[in-house]
Amino acid sequence: MTKIAFPYIGDYHVPAKFFIEKALGKEVIMPPKITKKTVEIGNKNSPEFVCSPFKYTLGTLIEALEMGADTLIQLGGGCRYGYYAEVQEKILKDLGYNFEMVNLINNGKPNFLGIYRKLKKISPKISIFKFIYYGFLTSKMVIYMDIIDSYIRENIAFELEEGSFESLKKLMLLDFSKINNFKELKNKFNYYKEEFRKLKVRKPNDFYKVGIIGELYTIMEPASNYYLEKELAKHKIEIKRFTNATYLLFEKKRFVKKNIKHVNIKYKMGADATDNIIRTQYLCDEKYDGIIHIKSSFCTPEIAAMPIISKVASDNNVPVLFFSFDTNTIETGVHTRLEAFYDMLEMRKRK
Amino acid sequence: MDKVGIPRNIFYYYDKDIVETFLSELKIPYIVSPHTNKKILEDGLKLASDEMCLSFKIYLGHINYLKDKCDYVFVPRMCNLGSDNQMCTNFMSAYDIVNNLFDIKILNYDIDYDSKHFLKKGLFKIANELKCPSGKIRKAYKVALKTYKDKKKREISINEGNLKNNKIKILIVGHPYNVYDDFIGSSIIKYLKQNDVEVIFSDRFDSEITNKLSKKISKELYFKFSKENIGSIIYAKDKIDGVIFLSTFPCAPDSLVTEITERSIDIPNINLIIDDNASFAGLETRLESFLDVLKERKND
Amino acid sequence: MKDCYLGVDIGSISTKGVIIDDENNIIVSDYIWTEGSPTKAATKLVSILKDRLPENCVIKGIGTTGSARKLVGLLLDANIVKNEITAHAVGTLTFYPDVRTILEIGGQDSKIIILENGIITNYAMNTLCAAGTGAFLSSQAKRLGIEINDFGTYALKSKNPTKIAARCTVFAESDLVHKAQVGYLKEDIIAGLCKSVVLNYLNNVAKGKKIKTPIIFQGGVSKNKGVVKYFREVLNEDVIVDENGHLMGAIGIAVLARKNKIGKTYSLNVKNIKFETKARECLGCSNNCELLKVYKNNELIDSFGSKCGKF
């Protein structure tokens, strides 16, 4: 009996689980979300100077194996992320676990047919029709989730009833996971879109808008950024975030091609480095109050982008706060820097 | 005529024979920055971001050295040599970083086989930019390629010859811009040679062979130079006594590649990670004890 | 009666306290070692200040800052709790209204604050680790068998500072031990350490920031004359060190306490307050948050560390 598990990233385990159950007809093991324990076991078994997503995902995979998973799925690309799968497989096999590792994306480049072939190994009976149908249905679910998330990011800081957005989102994810076809999905999406609009918010005349840019895993997995977005919301800050699954899967290529002319950059610098320089320029042009750049320690493409981001922002007189997160970052340190960032925004505005 | 400056780091150790011959053939004057020295290192540290790898910090130091000594600084971009043969992202971003941090004119081409940007096209492009007569470019390219291939052949045959030696043989597995850099690898190699060790170099084998052999350690690895590095271990494994992994802090590909390789081979090995403050004293202790182990094994 | 305001800055190494009046005059001030117990240190310090406070003074505001600001804020019933970056800037601006750059190296943190027309326009803090901070210098002083207070004097004796790597504590230590054993002069090694702290700071924390004059250097490490010397040398600018530099955070938060006063009068009788914290891991959900519950006179007054907001 195949029991499949995969690492967490944001809330995307919901569509991932949906796809595996519906399209492959396989059971999914859901390990606990990333906790201190996850980080500890991930750290213990990882190379010392690897970027932290490796450590978080390895921890989750170990927890899943302990719960009986026998097939692990990993993906990623654009930098050394694409090479995680094989190294993690080796580490886990050396630890004595018996399982099948499936790396859905080779050489960091997603390929539709390649993914199909790999999934066929897990589930030989999967038909191309089912694969395509549920592939599209799941993609649509991801797109809807991301649309709702953007709305939440703009409004959650100003909710009148604390926790109203979060609890509604939980209901939405639960309902999304129960749909069977496009029509049901669309209905649920429309329903929740309305419900979210009904949630009461009070936006003051004067509030701060901050853009979050940086490395994709750290942006999308809140445990790895020490719940940065939540902290910002507490300070009544509206957040603009570009990176999500929709962007990475469907928009990235076009976005970079279309906008690279607006910055002094000639090439794709690897992973999302060029994207983030373009976004910095955009946030400056759109008169955002500040920019927060986040990444895991040792993230090479972002390290390359940072001096240029700094330069663009300082030419435009927009403050940038850089965070380099690791699994042992001290949370109070994060809060102190954020608080000071907020104070600074306030002082700048009062000027 | 415009003078070109070539930084002696990163790309240099891969393309020096081609680029230098090509420029000489076209009678384009050029200078190469000196071997890494204290000043170059310190300037690099000042210019680079704190978290950049030491090699790239040094590279920026070399650019800084050249910036007012020539009309153009040569900074190529290397993205991939085919989709299974990717470069570290620093090779992809070097041009844009240099272009944003320095106020200099840059001579640049792009190597990206996936987009059909080959070396030949790149060299022709820079020759045109330097206004060379087009009739001469083709010939210069041919001579450059031949010089490169001949040199490579010689290096390979020396390396292969050294493998037959009876001395203790250690394979240095590392990127050439680290192994041959004066601040990073040179002192280690000097120490080994002084102690009567035959030093074998991972980049001085037939790269097509080592590239294929790397599959025995890692099937999915897509970093070209890392593949050749670990392939050389498989190639030479029965003829060497030990392996030294040499990298700079914090090298992205090596953080994973060295991990999987160490877990896959059963040859004595040590992993040396060089930072800007590594004193040779610390290294010496590790090298000395490693040599002791190898000698003991050889005597058994 | 004279209205006064108490500011307490609880850092990882030392706890600083100051009481100022409406004209920013320092009435009393002191600092003691935190020794891993911020509430004990704060209680002790406030008692010391209270004993020295002239009788005609009444406390109309209390502010706390530093890494233990929240906890001590609860203990003292502070009317304002603010992060140390803001507090340092406000404190410095009180005495140097046109300051453009504040360099600060404390016990475990180092930061740079850039100001323009009296407001913070940019800042940065150390990211990777505590290398090059006060704690680092103290541990190196111990290794060399020197009192940390004599460190600066030693450094000034050197004519030829040795190059020491201060980027990482572990690397630095082995480098230092080696250099000492090879026979480098102690003062040259110490001067080298001071210089490397400066270079490390400028290459890491201050990277990409335009350092403009007036420049003020503060925090515990600003008491080290060697580090001050190399800041001046490397920046090639005048670097001001105020004798109250270590108090700027406390002064800043005292100023903020005045600006945010709520009309209440505070007692500094904190000695007899029973203040306790209890830590436990919450098993309520998979976050497994580490909850810290704070009790004042046996009454639960707050808890920290919950991610779901249930506590």
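Which residues in helix 11 of chain A meet which residues in helix 12 of chain A? On the side of helix 11 of chain A they are A:K252, A:F255, A:V256 and A:N259, and on the side of helix 12 of chain A they are A:T274, A:D275 and A:I278. The structure is a predicted model.

**Overall form of chains A and C**

- Chain A contains 14 helices and eight strands.
- The radius of gyration of chain A is 21 Å, which agrees with the value near 20 Å that a compact globule of 351 residues would have.
- Taken along the principal axes, the box filled by the C-alpha atoms of chain A is roughly 65 × 45 × 40 Å.
- Chain C has nine helices and 13 strands.
- The C-alpha trace of chain C spans about 60 × 50 × 35 Å along its principal axes.

**Helix 11 and helix 12 of chain A**

- Helix 11 (residues 245-259) of chain A packs against helix 12 (residues 273-285) of chain A at an angle of about 55 degrees, and their axes are 10 Å apart.
- That angle makes the two helices, helix 11 and helix 12 of chain A, oblique to each other.
- The crossing in which helix 11 of chain A passes helix 12 of chain A is left-handed.
- In the contact of helix 11 of chain A with helix 12 of chain A, three residues are nonpolar, two are polar and two are charged.

**Helix 2 and helix 3 of chain A**

- The axes of helix 2 (residues 36-45) and helix 3 (residues 52-66) of chain A cross at roughly 110 degrees and come within 7 Å.
- Helix 2 of chain A and helix 3 of chain A are therefore roughly perpendicular to each other.
- From helix 2 of chain A, the residues A:T38, A:V39, A:I41, A:G42, A:N43 and A:N45 take part in the contact; from helix 3 of chain A, the partners are A:K55, A:Y56, A:L58, A:G59, A:T60, A:I62 and A:E63.
- By class, this contact of helix 2 with helix 3 of chain A has five nonpolar, six polar and two charged residues.

**Domains of chain A**

- Chain A is assigned domain 1 (3-126), domain 2 (141-203) and domain 3 (205-351).
- Between domain 2 and domain 3 of chain A, the C-alpha centres lie 24 Å apart.
- Ten residues from domain 2 of chain A and eleven residues from domain 3 of chain A form the contact.
- The side of domain 2 of chain A that touches domain 3 of chain A has five nonpolar and five charged residues, and no polar residues.

**Domains of chain B**

- In chain B the domain assignment gives domain 1 (4-147) and domain 2 (165-299).
- The C-alpha centres of domain 1 and domain 2 of chain B are 26 Å apart.
- Domain 1 of chain B contributes 20 residues to the contact, and domain 2 of chain B contributes 19 residues.
- On the side of domain 1 of chain B that touches domain 2 of chain B, the elements giving two or more residues are helix 1 (12-25), helix 2 (38-47) and helix 3 (54-66) of chain B.
- Helix 3 of chain B supplies the largest share of that side, four residues.
- The residues of this side of domain 1 of chain B are twelve nonpolar, six polar and two charged.

**Domains of chain C**

- Chain C is divided into domain 1 (2-91 + 250-259), domain 2 (97-241) and domain 3 (275-304).
- The centres of domain 1 and domain 2 of chain C, taken over C-alpha atoms, are separated by 26 Å.
- In the contact between these domains of chain C, seven residues of domain 1 meet 13 residues of domain 2.
- Helix 3 (residues 84-95) of chain C gives the most to the side of domain 1 of chain C that touches domain 2 of chain C, with three residues.
- That side of domain 1 of chain C has three nonpolar and four polar residues, and no charged residues.

**Contact of chain A with chain B**

- In this contact, 36 residues of chain A meet 33 residues of chain B.
- The elements that give two or more residues to the chain A side are helix 4 (84-94) and helix 13 (300-315) of chain A.
- Helix 13 of chain A gives the most to this side, with eight residues.
- The side of chain A that touches chain B has 19 nonpolar, nine polar and eight charged residues.

Technical notes:
Residues are numbered from 1 along each chain as its sequence is written. Chains are lettered from A and ligands numbered from 1 in the order in which they are written. This is a predicted model: local features need pLDDT of at least 70, side-chain atom pairs count only at pLDDT 80 or more; totals for chains, interfaces and linings use all residues. Axes are lines fitted to C-alpha atoms, for helices over the stretch in contact, and angles run from 0 to 180 degrees between N-to-C directions. Angles under 35 degrees count as roughly parallel, over 145 as roughly antiparallel, 65 to 115 as roughly perpendicular and the rest as oblique. Two residues are in contact if their C-beta atoms, placed from the backbone, lie within 7 Å. Ala, Val, Leu, Ile, Met, Phe, Trp, Tyr, Cys and Pro count as nonpolar, Asp, Glu, Lys and Arg as charged, and the others, Gly among them, as polar. Domain bounds come from an automatic or database domain assignment. A crossing is left-handed if the near helix is turned anticlockwise from the far one by less than a right angle, and right-handed if clockwise. The radius of gyration is taken over C-alpha atoms; the globule rule is 2.2 Å times the number of residues to the power 0.38.
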